[in-house]
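Colleague: I am new to this structure and would like a short tour. Could we look at it together?

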Amino acid sequence: MTSNARVVFAKRPASNELPKVGEHLIIDKSRTIDLDHVPLNGGYLTKTLILSPEPAIRERMRDPSITSYTTTLTVGGPILGFAVVVVLRSEKEGFKVGDNLYGLTVWEEYTVQPYVEGRVNFKPEEWPPYTFDMDSLALQVVPNPNGLYPLSKYTSIMGTPGLTAFVGMEGIIEGKEGDTLFVSSGDLLMVIQLGKLKGMKVIASAGSDAKVEYMKSVGADLAFNYKKENYGEFLLKHGPINAFWDNVGGEALDAALESITPYGKVAVCGTSASDVTPTSEQYKLKNAYLIMKKRIKIQGFIVPDFIPQFMGKFFETVPALMAQGKLKSQEIEIEGFENAPQALVDTLCSGHEKAGTLVVVVAKE
């Protein structure tokens, strides 16, 4: 028998609370698995190679009574998140031994797929109409990089973070040469690079000096630490802007509404300024009236909204641009499955000094 540790979602954090390792997130090392004989029931057995801690996992920790865009995690069940895995055994057509896969899976060392534990029995009539069934994001075979790039790229530039940037830029921002784009997150480095490839001037903000410097290194024309410089004052000095990529909300959005030109476009893919802030303490917009007066187009989105339209173009475009050195990403590799819970917490902490995408390397092969 082989040890099969997993990350357990032990308790829901309060709405204004970051999860804590040992309280909300626990490593369970008691489980074992027989890799040679565990029944596959027509499925396939995978070994986890790389875990991708992403902010959307925190959204799934909320109480099911709180409406949002995702289904929720089950207390006592495993954490579910994106990962790169490799197939060890298979009874399922289209999945063969040695295939690398990327998609949503149980955060454990070995899993019989499709996973059962933690899966929501999704019935659309029991959820708000805009709820997305996260369990539908099944594992997909991805090309073997054959040494051209590390597998960790599938958890950053060639995974959900990269796809988010690509579909938002193509489907909402669009952008053209000479436009000015403001990006309100140090974690959206691909947005900066895609903007530059379109000939846009890019202004970016982050909560740490390390991220500010990294944003400049990938092409941001201007970048600032919002904890040291005011959003509104910076944009007043260096604007106006024609488009805004928002992953923060709050004061950043308010400043962008004031700085943006008439008919400007805003893509909203996150609200980190209020995700763990009590409602009574959340920043209240002062410039919402400008949405009508300037005829600003604001659109919130999640990646699945645009997958049918842009998935093919993404895989035609991004690997080629990466091979040409026109798109770059930096992954910060955290070694060891036992460090996955803390890596998730670190990802959720605004202003941390790590510049790049945190990934957890569980195994090399």
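Predicted model: local features only at pLDDT ≥ 70, side-chain atom pairs only at ≥ 80, totals over all residues.

Colleague: Which elements give two or more residues to the lining?

Modeller: Those are β4 (32-33) and β8 (110-113).

Colleague: And how do the lining residues divide into nonpolar, polar and charged?

Modeller: Eight residues of this lining are nonpolar, six are polar and four are charged.

Colleague: Staying with β8 for a moment, where is Pro 114?

Modeller: Pro 114 sits in the loop that runs between β8 and β9 (140-142). The peptide bond that joins Gln 113 to Pro 114 is cis, with omega about -5 degrees.

Colleague: Where does Pro 240 lie?

Modeller: Pro 240 belongs to the loop between α5 and β13. Gly 239 and Pro 240 are joined by a cis peptide bond, and omega there is about 0 degrees.

Colleague: Let us turn to α5 itself. Which of its residues are buried?

Modeller: Helix α5 covers residues 231-238, and Tyr 231, Phe 234, Leu 235 and His 238 are buried in it. These residues lie on the same side of α5, because they cover an arc of only 95 degrees around the axis.

Colleague: Why would residues three or four places apart point the same way?

Modeller: An α-helix has 3.6 residues a turn, so residues at that spacing point the same way.

Colleague: What do the buried residues of α5 pack against?

Modeller: They pack against the strands β10 (180-183), β11 (201-206), β12 (222-225) and β13 (241-246), and against helix α6 (250-259). On the face turned away from the buried side, α5 carries the exposed residues Glu 233, Leu 236 and Lys 237.

Colleague: What happens at the start of α5?

Modeller: There, Asn 230 has a side-chain oxygen that reaches to within 2.8 Å of the backbone nitrogen of Gly 232.

Colleague: A new topic, then. Is Thr 71 buried or exposed?

Modeller: Thr 71 is buried, because its relative accessible area is 0%, and a residue counts as buried under 20%. It is found in the loop between α1 (56-59) and β6 (80-90).

Colleague: What is Thr 71 in contact with?

Modeller: Beyond its neighbours within four places in sequence, Thr 71 is in contact with residues including Arg 60, Arg 62, Val 120, Phe 122, Trp 127 and Met 134. A polar atom of the Thr 71 side chain lies 3.4 Å from the backbone nitrogen of Met 134.

Colleague: What is the phi of Tyr 263?

Modeller: Phi of Tyr 263 is near 70 degrees, a positive value in a residue other than glycine. Tyr 263 is part of strand β14 (residues 260-268), and it is exposed, with a relative accessible area of 55%.

Colleague: And what about Arg 295?

Modeller: Arg 295 also has a positive phi, near 55 degrees. It lies in the loop between α7 (290-293) and β15 (297-300), and it counts as partly exposed at 46% relative accessibility.

Colleague: Finally, where is Cys 349?

Modeller: Cys 349 is in the loop between α9 (340-348) and β17 (357-361). Its C-alpha atom is separated by 9.5 Å from that of Ser 272, which is 77 residues apart from it along the chain.

Terms used. Residues numbered from 1 in each chain as written. Heavy atoms only, no water. Buried < 20%, exposed > 50% of the residue type's maximum accessible area, 1.4 Å probe, protein only. Helix = DSSP H or I, 4+ residues; strand = E, 2+ residues; numbered from the N terminus. Arc of directions from axis to C-beta. Contact = heavy atoms within 4.5 Å. Polar contact = N/O pair within 3.5 Å; in protein donor to acceptor, adjacent residues only side chain to side chain. Nonpolar A, V, L, I, M, F, W, Y, C, P; charged D, E, K, R; others polar.
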